[in-house]
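Open the model in your viewer and keep the selection tool ready. We will go stop by stop.

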There are 4 protein chains.
Amino acid sequence: MYQNKKNITVVITNRASYGRIKPILFELKDHKNINLQIIAGGSLLLYQFGNAVDIIEKDGFKIHKKLNFNIAGYDLLSQSKSTGLAVIEISNALNELNSDAVITFADRFETIATAIASSYMNIFLVHIQGGEISGNIDDKVRNSISNLADFHFPSTKKSQKRLINMGIDKNKIAMYGCPSIDLIKNNDLNLPLNKKYGGTGDDINWSLPFILILQHPVTTSYGDGYNQMKNLLDSMKVFNIQKIVLWPNIDAGSNDISKAIREFKETFKYDGFHFFRNFAPEDFLKLLKNCICAVGNSSSFLREGSYLGTPVVLIGDRQRNRERAKNVIEIKNSKKEIIKAVKKQLKKSKYNVSKIYGDGKSAKKIVQKIVKLKFKKI
Amino acid sequence: MYQNKKNITVVITNRASYGRIKPILFELKDHKNINLQIIAGGSLLLYQFGNAVDIIEKDGFKIHKKLNFNIAGYDLLSQSKSTGLAVIEISNALNELNSDAVITFADRFETIATAIASSYMNIFLVHIQGGEISGNIDDKVRNSISNLADFHFPSTKKSQKRLINMGIDKNKIAMYGCPSIDLIKNNDLNLPLNKKYGGTGDDINWSLPFILILQHPVTTSYGDGYNQMKNLLDSMKVFNIQKIVLWPNIDAGSNDISKAIREFKETFKYDGFHFFRNFAPEDFLKLLKNCICAVGNSSSFLREGSYLGTPVVLIGDRQRNRERAKNVIEIKNSKKEIIKAVKKQLKKSKYNVSKIYGDGKSAKKIVQKIVKLKFKKI
Amino acid sequence: MYQNKKNITVVITNRASYGRIKPILFELKDHKNINLQIIAGGSLLLYQFGNAVDIIEKDGFKIHKKLNFNIAGYDLLSQSKSTGLAVIEISNALNELNSDAVITFADRFETIATAIASSYMNIFLVHIQGGEISGNIDDKVRNSISNLADFHFPSTKKSQKRLINMGIDKNKIAMYGCPSIDLIKNNDLNLPLNKKYGGTGDDINWSLPFILILQHPVTTSYGDGYNQMKNLLDSMKVFNIQKIVLWPNIDAGSNDISKAIREFKETFKYDGFHFFRNFAPEDFLKLLKNCICAVGNSSSFLREGSYLGTPVVLIGDRQRNRERAKNVIEIKNSKKEIIKAVKKQLKKSKYNVSKIYGDGKSAKKIVQKIVKLKFKKI
Amino acid sequence: MYQNKKNITVVITNRASYGRIKPILFELKDHKNINLQIIAGGSLLLYQFGNAVDIIEKDGFKIHKKLNFNIAGYDLLSQSKSTGLAVIEISNALNELNSDAVITFADRFETIATAIASSYMNIFLVHIQGGEISGNIDDKVRNSISNLADFHFPSTKKSQKRLINMGIDKNKIAMYGCPSIDLIKNNDLNLPLNKKYGGTGDDINWSLPFILILQHPVTTSYGDGYNQMKNLLDSMKVFNIQKIVLWPNIDAGSNDISKAIREFKETFKYDGFHFFRNFAPEDFLKLLKNCICAVGNSSSFLREGSYLGTPVVLIGDRQRNRERAKNVIEIKNSKKEIIKAVKKQLKKSKYNVSKIYGDGKSAKKIVQKIVKLKFKKI
């Protein structure tokens, strides 16, 4: 229809990813030479992960394809098969959308599915957040995706250097920081939340302090998730402060963590725990900014947390090697260590802003660069 | 059953790959600490690609799983979707086989499907022939696989160095040459072929010279295959020598090449062309050894051809950057250049043996190393 | 291995179906001419439906294939796609198992997937519980399956007659009653439950009376499930009697019902509600036998309930046309009607045993007949 | 967009089906209250079956979805799995198209896939050509589809009666004849073909007589196809008349038949055989009208052949029980019987027109009826 517009397709499959790519979506949507196409899939469509697709539509974006490719089970086999089904469904979608370029994000199983579909469909692939290291299977997958991508927007200088060291042509890399920081910069992140999210457990008094808890499964230690989460929740009992617990993402093993949360909810009646299923990205950032301590293994604690200066207690291996600012205390998953580290962070006030993940002006630069790319496969 | 045996699963999906991994299969089969499990899939099961699975069984191997995951079409979309279905079916198979480690090979879409399934199933992944460069989409896919693999057996020194430069831990790499050379060394490769293969076209007189022609599709220039093959076949008319033409593999675009062959067969009655669908690996090597010139873009012309000293005319981009010995003249796909280069090679006799791809003692070393590995992920 | 044994494959995908086919499984397992092969799939493998596959293994059966083919979502699209994936996975399984005959059951989406896979694989298909009518999409699916099946064991005389009226050859039908009644006859169904099931809500005192509540989604009025279940639970508040609420099955719409239960649990603190996820079939029958009234739309209330004489309040369309004994009061889904009908049933004691669904001697006869069949298609 | 238009979706997956439904497509396309949506899939998209989708577009229809769901292999397993993948892809397509009603046709594996997807998606299903009998697995599948459909347009009085006898509500049946006859009535079917089709073998002289040969696989005697086709082709050698041989459809076993054709082509140089891959429906009808005898097992020989009065030799079981006019001699697959029957038919001139399959005024009536339907499930 718009013959000189390029079809830029963004594949979003996950609540956290949406928040991080949202500043780019706004830039793409407004650009006169770009026809933005959004594929929403995976856990975005599932009730138990909060139907996050609704949030995208409420933000004013048209979703061109909704793909449900998650095979129920949340174990290793199901996750692996979901990756395969995602390749099939994303291939179909890209074929119908006549995409000129695909933008994908980070290191998830849906991301490598997107990368494979784009590669075999001969569609130019842009990867954001390549070159990072964390822990878990994610490092392998992330590097694997980088090798399939045609252009790279790493988020940090160290990541940029790692990509070059991996043999990626430096002319195919541009480092403008992480767009996730733009979202922080562009929004007022003061409490209270202005939407009503429901959730379960005790009511939250937003004028009082709270601890934020978010623990995702660790694929490479699949099977330990239940005990890890149980440990973490039990540790939190000793703190006479409000606690906000978020449900984990859909990775293999999420069921174990959910089970630990469910059992905790049902057996323990201690005041002060509140459990939330889902947030708009900005509202999640409000929590992360305003909590007095964030505990768990979410990468947001290190990425967005660095800029927000949030005191963080990082547990276990999932983010073991991830780049971080001074706001993070890293510990093993033991009750004793968790309690000790949280106590230590509670004595701190906010940390200083760190710009290792960018200065909040990333999205515009990324899109200006994308527009100039030739979308020529090699 | 055999409690101290390790389940080593080899995934084979392609006629050419079988030939190259066969020496390793024999070593694995005979090893007292290993329970060899073979997954055969993809084009190995298809009539139009010669039901090559029968050859494996005739060689005395038990096939534990036969997976048909190819979606008909042979265009980009079908190949991409086939990759997805392969991930699903290989995941199921690995789950049932209770694999301790998976061995995969080279750079095909089935290979990356195997790599993804193994990675998400938390199964140790061994990759053979990593670190090479060729051209086509294969480079990206090969490097992507290397980043998912847990141990690497590259085939050449340069490949080994490239893996290290990519950031692969050098303790996870062992370079013993390519097992494909073992097959050459271990077999008498004199003509005539001792099996009857049928095929179509004029009869071959094995005591007279012949040119060998094998051209595969090039994914990154998808759509040009028909003309490329037409060109090549037309060029061959000027040579008053027997020609053996092999059908292409199943990659996206193979249909175009097949169409060119079919039309050529039906419209041109020139004496001297013979068309074959399939060969046992050793019989293919006999052709490659005994032809007076090999023309096309098969990687075997460079890999096995280097050791055999076969005069080769390499056409187009598919192997553009692949490591090679002195036996190769590389040209663009034009009739004029093809004819000129073939004439030049016809004046040559055999080239000297080159050992850049190994000395034919690779398989035993690889298996001895595999047995010592701990199969510990990350 | 056992050359004169026939491979009889039973596909089980559902907690309720397992209970009903269990008497047949015992007969098949013990028969000297039969090699019983069990395929377990679907919701049997899912935590949120109680990992019912464990119960099958604890009962001493070997499970030959575990197939997870449920696509997450629990909406119409996901259920439809799950049917497709089930066809793929069951086809693969039947191919590997080298089945001589397949036994399938009732009217679920997994059942028609089994019927299609068997039909196209040219494997003899035995269908149990054909010819019934209920309501919902199930009638169409059930009749569709009957037309694919090669032999039929309907459960009631009326069902047998309906099959004949549909044009099924009467020589391919044998009516021996429903094997589900065998399970009642062969077991002591007195309380208390001898296993510990956990569950949530208030503790149950097994020596006091309780109402049993089980409401499944109705595909043909998809979207109304939430309100229907909310209605039902709210109605139950007026009764000062213990209530046992079971979670629904996996059909499209189950999410809506689960949501209503979850919200009810979280907002209403009334004493006397207990929520259970899963039961061994015999334990479910104990509840059904010993409750003072069963409320909802489970087919078991009519089928097993008829023999047990349980007072039943049947709500809505799902079983509208199902054959029943005198123990059932059928109403529309309104609070007023529910309360009125439950009150009426609470005044009743047990109803008399009805043998419309059989006399409890079905399984042996069915298996004796199966052994004599020739497994010849068409 | 057109708020008071109904979305009527027609699923076409097969060259023959397209011809038969084409008169209905024209009526639907022109109707002011209907938004015609075409899903083209399966073998229509495959080169080896003639890319028949191009013909549909050349006829002026927009194709809304192209679905490639055929799993390569053409054996029973592949066909069964293709059915499953078709369910998945058709479900996705119906979901995106927001269909109000789906029209499906006859008795193929793609048809039952369409029926299942429509049923579980709660979309009104119209079935054309129900109630027929033929032979093969098709009868079971056809009846199975009839039980899923919401409205029925059988093609003959006997078919209508059979549907009623099966228990289908007679108010949900309308018999207006088969739309395939409309295509005959509405077109001049005189030779020569006005398009150039290529094909292989000897040239055809359209002014001389020819025999038409078309043999499809028979699923229920899977494995015999090669010999059956070899037999048939060998028998044809004795006739010194031009022969036009068509390639079979994609059903399981088509590979065997294709192999027999290919081998015949390559080994036998007898003048007078011509092999065609594909035809526009009208051109196929020209062949069927103008041949002096049609030999094989295509249902078109009985259906369209009855109206055209073509002398037919029907071989084997595939159409064993199909309704027919006097133009058909039915025989077993033996060379002797084939030769004898063809000789007998060659002595005949055309048979009289029979209207058992309709009078050529079917499509308009069918569409007028469809427009009046309420598209209410159950």
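Select helix H3 (residues 76-97) of chain B. Helix H3 lies across strand E1 (6-12), strand E2 (34-41), E3 and strand E4 (101-105) of chain B, running at about 170° to E3(B). Contact here means C-beta atoms, placed from the backbone, within 7 Å. Angles run from 0 to 180 degrees between N-to-C directions, and axes are lines fitted to C-alpha atoms, for helices over the stretch in contact. Helices (H or I, at least four residues) and strands (E, at least two) are DSSP runs, numbered from the N terminus.

This is a predicted model: local features need pLDDT of at least 70, side-chain atom pairs count only at pLDDT 80 or more, and totals for chains, interfaces and linings use all residues. Residues are numbered from 1 along each chain as its sequence is written, and chains are lettered from A and ligands numbered from 1 in the order in which they are written.

Next, show the strands of chain B. Six of them form an open sheet with parallel pairing, in the order E3-E2-E1-E4-E5-E6. Strands pair if DSSP finds at least two bridges between them. Strand E3 (65-67) and strand E6 (151-153) of chain B stand at the edges, each with a single partner strand, so one side of each has no neighbour in the sheet. Zoom in on His127(B): it stands opposite His152(B) in E6(B).

Now move to helix H5 (residues 138-148) of chain C and helix H5 (residues 138-148) of chain D. Their axes come within 8 Å and cross at roughly 170°. That makes H5(C) roughly antiparallel to H5(D), a label for angles over 145 degrees. Residues making the contact include Asn143(C) and Asn143(D).

Conventions. Parallel < 35°, antiparallel > 145°, perpendicular 65-115°, else oblique. Contact = placed C-beta atoms within 7 Å.
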